[in-house]
Amino acid sequence: MQKLVYIALGTVLMTVSCNKQITSTKEVDAKDSQTFADLDKAKIKHLSLDIETDFKTHQIKGSAAYTFTNNKAKELILDTEKLTIDSVLLANGQKTPFHLGEKDAIKGQALVIDVSPKDTIVKVFYKTSPDANALQWLDPQQTHDKKQPFLLTQGQAILTRSWIPIQDTPSIRVTYDAKVKTPKDLMALMSAINPKEKSTDGIYTFKMPQAIAPYLIALAVGDVQYQPIDNRTGVYAEPGLLKAAAWEFADMGKMVTAAEKLYGKYPWEQFDVLVLPPSFPFGGMENPRLTFATPTAIVGDRSMTNLIAHELAHSWSGNLVTNSTWDDFWVNEGFTVYFERRIMEELEGKDYADMISVIGFQDLETSMRNIPEKYTSLKVDMKGANPDDAFSDVPYDKGYLFLKMLEDKYGREKFDAFLNKYFSSHAFQTITTEKFVDYLKENLTNGDDSFVKEWIYTTGWPKDFKKPTSKLFDLAEAQLKQDITNGRNKVAPKKVEISTKSTNEWVHFIRQIDPSKNTKEDLAYLDSIYDFTNSKNPEIECAWFEKAFLMQYDKVNANAKDFMVNVGRRKFLEPLYLALKETNQLDLAKDIYKSARPNYHFVARQTIDTMINYKP
């Protein structure tokens, strides 16, 4: 998943003070506290779905059949959230008793199915709730082309249980097949082997032959078309967006080749991207074979395609080698950010990689200031908490800094050999932080782990972290300084086209505006040169609107509201609503949110509801 948040969800903001060690590298119980399942007794190995999407009732209805290992179990326990269970059958077609456990505010309910020690197959008939947390049903006006409705799922971290009864933990891996019935004028796609054209009867069949974590089971249904990039990459998008998306992501094939050159053969055969409607809450989601991506990455200059590189990198770190529990989330994301930047360096050069490293560090600084201290270590304890509470820039960019430190300490050649061996030796397996630390000691650090403990288990900033730099950003900072000076000296503004710089440079340029030193008049002068308020580049819009809100430059308010109503990406929403909150503009925030909330996915609504204390 592309980086998620600036602040943690459902938490009170606090400042990180001192470094504090919270655990040790001693092997710990790897049982996932986020699941009801007893995996020692019964563990799913294969899932068969037979479902129908009902756009009138906003429900998925059908059945899920499971093949599972049985260690003398008398019960098969699955995770559910807001599901209606109609019946459960054994392999012989006989009904078997079941019951739903007590509701848990975070985990939902356990579905407890009676089985005999000899049973290895059950089939559950069920339907989802119209407000299932993983499902987003979009009306035509919420899509790009505004002609047909759209359905998408988002399973990470523990939302798959709201559309499939499942053992919803990354500590298991399943293969799956599916039969999906949809309206005839829509196409169904999954994180599986996908069609390239619409069926004539609205029925689609899917197969995922490689075992994946349940959070990676994904479904999308909409009016989309396919355009290949090369023989193993391509783009799905609504017809009105397909051409622009294919142009923006034209280097996907080169990205796969560059990634293979670094860390071995691409393990999933096909790498396609589905460009979703703008309400999608994340930059991207690394569903195997079919990355879900935000249309906000389509900026017209190919400068934000590191988002695609990030999701591609997940094909190794996350999808191939997966964190055992959400306590170990950094094992997915830290490796992926490091790998993403290596891919982009291979394709675009070191200057480009340096730029995105600096942008990432800036985001990390914001997270480290704002999230609870306990979530500023790489390894976290999520027992009794929602995994979303710890989803910040820390596992991404603090994880990246840790791996970059290892590269600098042991040399790139040796570190690349280590990573190649790590991915190949742990392929299609899960891993805990503790097992990774042991592997690191045995294969790279020669038993030295004192500095490793500080990086992974200690809150706050490590003593030996190295701040990224970019010479291109030095030029952007000099330009800003000159512009501010010209404005104060009443130099007539000269129009400059935004496209003269890359998106990353403009974002950095805007981020260097200091509300404690600069004024609304400075913003107005910059706006007269660059017309930031009317930019159609989402990255620039977000950065500019945030500064404008912080400095109460209200010329942006109408455009900013339009942006916040129509874009659901949480990366953009959080800093904007937070800026309004911090400057005592909650009335404006709630006015915007009242209009925007129906367009947001559950995970975005959950974040903003808490942030601005909004009561629906």
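Here are a few questions and answers on the aromatic rings of this predicted model.

Residues are numbered from 1 along each chain as its sequence is written. Local features need pLDDT of at least 70 and side-chain atom pairs pLDDT 80 or more, while totals for chains, interfaces and linings use all residues, and side-chain values use heavy atoms, without hydrogens and water.

Q: How many aromatic pairs does the count come to?
A: Rings of Phe, Tyr and Trp (its six-membered ring) pair if their centres lie within 6.5 Å; planes under 30 degrees apart are stacked, over 60 edge-to-face and the rest tilted. By this rule, the count of aromatic pairs is 47.

Q: What kind of aromatic pair do Phe 402 and Trp 455 form?
A: Their centres are 5.9 Å apart. The angle between the planes is 40 degrees, and the pair is tilted.

Q: Which helices hold Phe 402 and Trp 455?
A: The pair ties together parts 53 residues apart in sequence, because Phe 402 and Trp 455 sit in two helices (DSSP runs of H or I, at least four residues, numbered from the N terminus). These are H6 (residues 394–410) for Phe 402 and H9 (residues 450–457) for Trp 455.

Q: Is Phe 402 buried or exposed?
A: Buried means under 20% relative accessible area, exposed over 50%, and partly exposed in between (1.4 Å probe, protein chains only). Phe 402 has 0%, so this residue is buried.

Q: Which residue has its charged end over the ring of Phe 572?
A: A charge sits over a ring if NZ of Lys or CZ of Arg is within 6 Å of the ring centre and within 35 degrees of the ring normal. Here the charged end is 4.9 Å from the centre of the ring, and the residue is Arg 569.
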